[in-house]
Amino acid sequence: STGPKIKPADLAIHELFRKYVGNPVFVIVDVQPKDLELPVEAYRSIDEATSDKTFRRTFVHIPSTIGAYEAEEVGVEHLLRDIRNASTSTLATSVSDKLTALRTLGGKLGEISGYLEQVISGKLPPNPQIMYILQDVFNLLPQQDDEATVTAFGAETNDMMLGLYLASVLRSTMTLHELINNKIANKEAQSAKKEAPKKDGSSAGEEKDKDAVAKDKESGKE
């Protein structure tokens, strides 16, 4: 479906597919994405118990990823070579990608914070699976109170930024050097073109002088 949200008729269409496929997956693709994340969400239908001892079908979200085979990745890379802006350096592209990733991370953290606030206020019921995942995330975070860890992170960041700075300076120096060499080559080519007609004119004048001298000698003999 093109979504961007689940519609009432989607469940009926999904049940129609279940006649031919055992456990189909309902995928929503947002054709006009506004966020920085991948605009794809996947769902599957399950039986949900109701108050009158009956069950009804409902959608539950499932995690999804999009990948490609090696041949497809190579083909996409070849297509992107023609799309990328040649005036943009690889350093600027790398920094732009990191900024995009940080914005996406900030958005995800905002969603987690909003969910936890709604759980604390009683607007949403707590989900044990989500709580377990968040607990694993917090357990994997480094200890910021440890001075050795803070020093190691600072040294690693400084080394990385120094490498980026040196690479930018080296790239600018090489570009300036190529520009100077190009201007020198253009000046030499222009001066060579200006001198070429002069040489042709002087050689033609010398030939005329020789012909005139030869004619004078012949006339003197006569």
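In this predicted model, the count of salt bridges comes to one. The protein chain has 222 residues, of which 7% count as buried. Five helices and three strands make up its elements, and from the N terminus on they run α-β-β-β-α-α-α-α.

**Salt bridge**

- The salt bridge is formed by arginine 18 and glutamate 15, with the closest N and O atoms 2.9 Å apart.
- Arginine 18 has a relative accessible area of 31%, so this residue is partly exposed, between the limits of 20% and 50%.
- Glutamate 15 has a relative accessible area of 23% and is therefore partly exposed as well.

**Aromatic pairs**

- A search of the whole structure gives three aromatic pairs.
- One of them joins phenylalanine 26 and phenylalanine 59, which are stacked, with 5.0 Å from centre to centre and 20 degrees between the planes.
- This pair links distant parts of the chain, since phenylalanine 26 belongs to strand E1 (residues 26–29) and phenylalanine 59 to strand E3 (residues 55–62), 33 residues apart.
- Both phenylalanine 26 and phenylalanine 59 are buried.
- Ring pairs connect Phe26, Tyr43 and Phe59 into a cluster.

- Aspartate 10 is part of helix H1, which covers residues 8–17.
- With a relative accessible area of 8%, aspartate 10 falls under the 20% limit and so counts as buried.
- Between the C-alpha atoms of aspartate 10 and phenylalanine 59 there are 9.7 Å, although the two residues are 49 residues apart along the chain.
- Serine 45 is located in strand E2, which covers residues 40–49.
- The relative accessible area of serine 45 is 4%, which means that this residue is buried, the limit being under 20%.
- The side chains of serine 45 and histidine 14 are joined by a polar contact of 3.3 Å.

- A nonpolar patch on the surface is formed by Val95, Leu99, Leu102, Leu105, Leu109 and Ile112.
- Together these six residues have about 510 Å² of accessible area.
- Leucine 105, one of the patch residues, lies in helix H3, which covers residues 90–121.
- In an α-helix there are 3.6 residues a turn, so residues three or four places apart point the same way.
- Leucine 105 has a relative accessible area of 45% and is partly exposed; membership of a patch requires over 30%, so leucine 105 passes that cut-off.

**Helix H4**

- Helix H4 covers residues 128–140 and has 13 residues.
- From its first C-alpha to its last, helix H4 reaches 18 Å, close to the 18 Å expected at 1.5 Å a residue.
- At the start of H4, a side-chain oxygen of asparagine 127 comes to within 3.1 Å of the backbone nitrogen of glutamine 129.

Conventions: Residues are numbered from 1 along each chain as its sequence is written. This is a predicted model: local features need pLDDT of at least 70, side-chain atom pairs count only at pLDDT 80 or more; totals for chains, interfaces and linings use all residues. Side-chain values use heavy atoms; hydrogens and water are left out. Helices (H or I, at least four residues) and strands (E, at least two) are DSSP runs, numbered from the N terminus. The expected span of a helix is 1.5 Å times one less than its number of residues. A polar contact is a pair of N or O atoms within 3.5 Å; within protein, one must be able to donate a hydrogen and the other to accept it, and residues adjacent in sequence count only if both atoms are side-chain atoms. Patches are made of residues with over 30% relative accessible area and no salt bridge: like charges are joined within 9 Å, nonpolar side chains (Val, Leu, Ile, Met, Phe, Trp, Tyr) within 5 Å. Accessible areas come from the Shrake-Rupley method with a 1.4 Å probe; for residues, only the protein chains shown count as cover. A salt bridge is a side-chain nitrogen of Lys or Arg within 4 Å of a carboxyl oxygen of Asp or Glu. Buried means under 20% relative accessible area, exposed over 50%, partly exposed in between (1.4 Å probe, protein chains only). Rings of Phe, Tyr and Trp (its six-membered ring) pair if their centres lie within 6.5 Å; planes under 30 degrees apart count as stacked, over 60 as edge-to-face and the rest as tilted.
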